[in-house]
Amino acid sequence: MFGNRKFRRVTRTGPVQVGTAYDNRGREKHTAACTAPRCGFSAEYDSRSAAELAARTHRCPAH
Ligand SMILES: [Zn+2]
């Protein structure tokens, strides 16, 4: 999930990590990805605050 792109400002909220990276068009993308092995939640957002909100409100089925 955070393997092949260069994420900056990676933070963790509970089991969910939020990182910022540029996509292949040079735009900032903000990704929230759960680190729980059986969850697999991962989503991209246009703003950092949206990604952090998703991380805070994520209800992890595997946690
Ligand atoms: Zn999860």
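The points below describe the fold of a predicted model, from its sheet to its core.

1. The model holds an open sheet of four strands, in the order 1-2-3-4, with antiparallel pairing. Strand 1 (8-13) and strand 4 (42-45) are the edge strands, and each of them pairs on one side only. On average, neighbouring strands of this sheet are turned by 20 degrees against each other, direction ignored. As background, strands of a sheet pair through backbone hydrogen bonds, in a parallel or an antiparallel way.

2. Strands 1 and 2. Strand 1 pairs with strand 2 (residues 16-22) over four bridges, in the antiparallel sense. Two of the residue pairs can be named. R8 has T20 in strand 2 as its bridge partner, and T13 has V16 in strand 2 as its bridge partner. The hairpin of these strands has two residues between them, and G14 takes a positive phi near 60 degrees there.

3. Cover of strand 1. How many of the six residues of strand 1 are buried? The count is zero, and strand 1 is hardly covered. Strand 1 is also an edge strand of the sheet.

4. Helix. Helix 1 (residues 48-57) lies across strand 1, strand 2, strand 3 (28-34) and strand 4. The helix runs at about 5 degrees to strand 3.

5. Core. Which residues make up the largest nonpolar core? There are eight: V16, V18, A32, A33, C34, A51, A54 and A55. Strand 2, strand 3 and helix 1 each supply at least two residues of this core. V16, a member of the core, is also the bridge partner of T13.

6. A51. This residue is found in helix 1 and belongs to the largest nonpolar core. Why does A51 count as buried? A51 is buried because 25 other C-beta atoms lie within 10 Å, and the cut-off for a buried residue is 20 or more. Leaving aside neighbours within four places in sequence, A51 is in contact with V18, H30, T31, A32 and Y45. A51 and F7 lie 44 residues apart in sequence and 13 Å apart in space, C-alpha to C-alpha.

7. A54. Residues up to four places away in sequence not counted, A54 touches A32, A43 and Y45. A32 and Y45 are also among the contacts of A51.

Key. Residues numbered from 1 in each chain as written. Predicted model: local features only at pLDDT ≥ 70, side-chain atom pairs only at ≥ 80, totals over all residues. Pairing = 2+ DSSP bridges. Axes fitted to C-alpha atoms, helices over the stretch in contact; angles between N-to-C directions. Contact = placed C-beta atoms within 7 Å. Core = buried A, V, L, I, M, F, W, Y, C linked by C-beta atoms within 7 Å. Buried ≥ 20, exposed ≤ 12 C-beta atoms within 10 Å, placed from the backbone.
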